[in-house]
Amino acid sequence: MAKIVYGFGTSHGPLLSTPPERWDLRADDDRKNPAHPFRGSVYNFPDLVAVRDGERDFETEMSLETRKERHARNQKALDVLAETFAAVAPDVLVVVGDDQREWFHEDNQPSFSVYCGEQVINTALDPEKMKTKSPGIAAAMAGYYPPADVTYPVASDLAQMIVARAIEDEFDIAVTSRQPVGPRGIVGIGHAVGFVNRRILKDRPMPIIPILLNTYFPPNQPTAKRCYEFGRSIGRSVAAWGGENANKRVAVAASGGISHFVVDEEFDHRILTAMKNHDTKTIFSVPENWFRAGTSETKNWITVAGILSETGLKMEMVDYVPAYRSEGGTGCGMAFATWR
Ligand SMILES: [Fe+2]
């Protein structure tokens with residue numbers, strides 16, 4: 001039977017692909033944002049600053065000197081993940097990410113979907129699309145979209161097995177087998193998978209399976225427990241992949257999180273430690289309304305923790321880097337981990 005030989009988790013926030021001198025661009029967005037979810041409540045920016053007063057010296061945390069140090073650590077951690085992945089050289093990579101109005105919109109928003117097509121394209125950076133984004137996002141887009149289209153084969157037989165097993169396990173998941181087409185042509189794989197393809201795979205095509213969660217948009221975000229259980233179902237599918245695939249070595253990736261755009265180091269440490277210790281009680285005890293905005297992407301990691309729960313692979317942190325960009329403690333809690 002096929003074997004899961006490796007797992008990794010990586011944040012994918014825009015700051016990872018933005019020079020530290022330009023992190024202010026995103027801070028400006030934060031100051032204008034009227035709704036920052038933080039520990040179950042929602043604050044406008046001045047109220048966020050007030051509620052976090054005295055928690056930490058955010059002026060020092062957001063200084064250019066600190067940002068440069070954090071940026072260097074982020075890049076080093078990503079390099080470690082890329083080098084480790086190249087050394088492991090698995091046959092297939094299952095990527096668990098979230099869709100953020102890339103393939104799925106108000107007309108249809110699945111909680112869980114598995115891509116079962118024969119191939120998937122990470123489409124080239126589109127200068128016209130860059131013009132529609134805020135300067136802070138536009139500055140980071142090259143981190144997700146390659147200079148030219150890159151086509152990845154999909155392990156569609158395993159993808160279909162994942163679907164069949166999920167249905168048996170009572171997950172009525174969605175299937176997509178064709179990339180959507182928009183006014184500007186094929187809509188590329190979203191940011192969560194695109195970042196992994198760019199930064200960890202280095203645009204080298206290999207068989208992948210994109211699995212997309214709706215972590216962001218009410219009202220049908222799956223709960224943390226449901227994500228973990230879905231992960232366990234995926235893990236069982238891989239373990240049952242036999243026949244001519246019996247010797248295949250499979251890797252799994254979690255893309256996104258941890259806390260953002262309000263950084264919450266306490267939350268990040270608690271959830272990462274719980275994943276490391278297979279402490280599902282702690283994971284499931286987090287109130288669902290803490291998983292909002294970017295922090296919701298932690299569920300991509302929780303799904304992967306479920307996939308890997310029965311493999312015997314051990315989670316190890318490569319680094320955890322709190323990347324702050326404003327006086328309200330906004331930014332991104334960047335986490336990088338391996339399961340070996
Ligand atoms: Fe994201």
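# Reading the labels on a predicted model

Visitor: Why is Arg 101 called exposed?
Guide: Arg 101 has 11 other C-beta atoms within 10 Å. The label exposed applies at 12 or fewer, so Arg 101 is exposed. Bear in mind that this is a predicted model.

Visitor: Where is Arg 101 found?
Guide: Arg 101 sits in the loop between strand 4 (92-98) and strand 5 (112-115).

Visitor: What makes the phi of Arg 101 worth a remark?
Guide: The phi of Arg 101 is positive, about 55°, although Arg 101 is not a glycine. Most residues other than glycine have a negative phi.

Visitor: What is the phi of Lys 202, and where is its place?
Guide: Phi of Lys 202 is near 60°, again a positive value in a residue other than glycine. Lys 202 lies in the loop between helix 8 (191-200) and strand 11 (208-213).

Visitor: How do you know whether Lys 202 is buried or exposed?
Guide: Count the C-beta atoms. Lys 202 has 11 others within 10 Å. The cut-off for exposed is 12 or fewer, so Lys 202 is exposed.

Visitor: On to strand 14. What makes Trp 339 buried?
Guide: Trp 339 has 24 other C-beta atoms within 10 Å. Buried requires 20 or more, so Trp 339 is buried. Trp 339 belongs to strand 14 (residues 331-339).

Visitor: Which residues does Trp 339 touch, beyond those up to four places away in sequence?
Guide: Trp 339 touches Tyr 6, Gly 7, Phe 8, Leu 308, Leu 313, Lys 314 and Met 315.

Visitor: Which members of the largest nonpolar core touch the most other members?
Guide: That core has 89 residues, and Val 94, Val 95, Leu 158, Ala 159, Ile 209, Val 252 and Ala 253 touch the most other members. Ala 253 is in contact with Phe 8, Leu 93, Val 95, Val 96 and Val 196, leaving aside neighbours within four places in sequence. In soluble globular proteins, nonpolar side chains tend to be buried together.

Visitor: How do helix 7 (residues 156-168) and helix 9 (residues 224-239) pack, and what angle do they make?
Guide: The angle is about 130°, and the axes are 9 Å apart. Roughly perpendicular ends at 115 degrees and roughly antiparallel starts over 145, so helix 7 is oblique to helix 9. Helix 7 contributes Leu 158, Met 161, Ile 162, Arg 165 and Ala 166 to the contact, and helix 9 contributes Phe 230, Ser 233, Ile 234, Arg 236, Ser 237 and Val 238. By class, the contact has seven nonpolar, two polar and two charged residues.

Visitor: What makes the peptide bond from Gly 257 to Ile 258 stand out?
Guide: The bond is cis, with omega near -10°. Most peptide bonds are trans. Ile 258 lies in the loop between strand 12 (249-255) and helix 10 (265-276).

Visitor: What kind of peptide bond joins His 260 and Phe 261?
Guide: A cis bond, with omega about 15°. Phe 261 is placed in the loop between strand 12 and helix 10.

Methods
Residues are numbered from 1 along each chain as its sequence is written. This is a predicted model: local features need pLDDT of at least 70, side-chain atom pairs count only at pLDDT 80 or more; totals for chains, interfaces and linings use all residues. A nonpolar core is a set of buried Ala, Val, Leu, Ile, Met, Phe, Trp, Tyr and Cys residues joined through C-beta atoms within 7 Å. Two residues are in contact if their C-beta atoms, placed from the backbone, lie within 7 Å. Axes are lines fitted to C-alpha atoms, for helices over the stretch in contact, and angles run from 0 to 180 degrees between N-to-C directions. Helices (H or I, at least four residues) and strands (E, at least two) are DSSP runs, numbered from the N terminus. Angles under 35 degrees count as roughly parallel, over 145 as roughly antiparallel, 65 to 115 as roughly perpendicular and the rest as oblique. Ala, Val, Leu, Ile, Met, Phe, Trp, Tyr, Cys and Pro count as nonpolar, Asp, Glu, Lys and Arg as charged, and the others, Gly among them, as polar.
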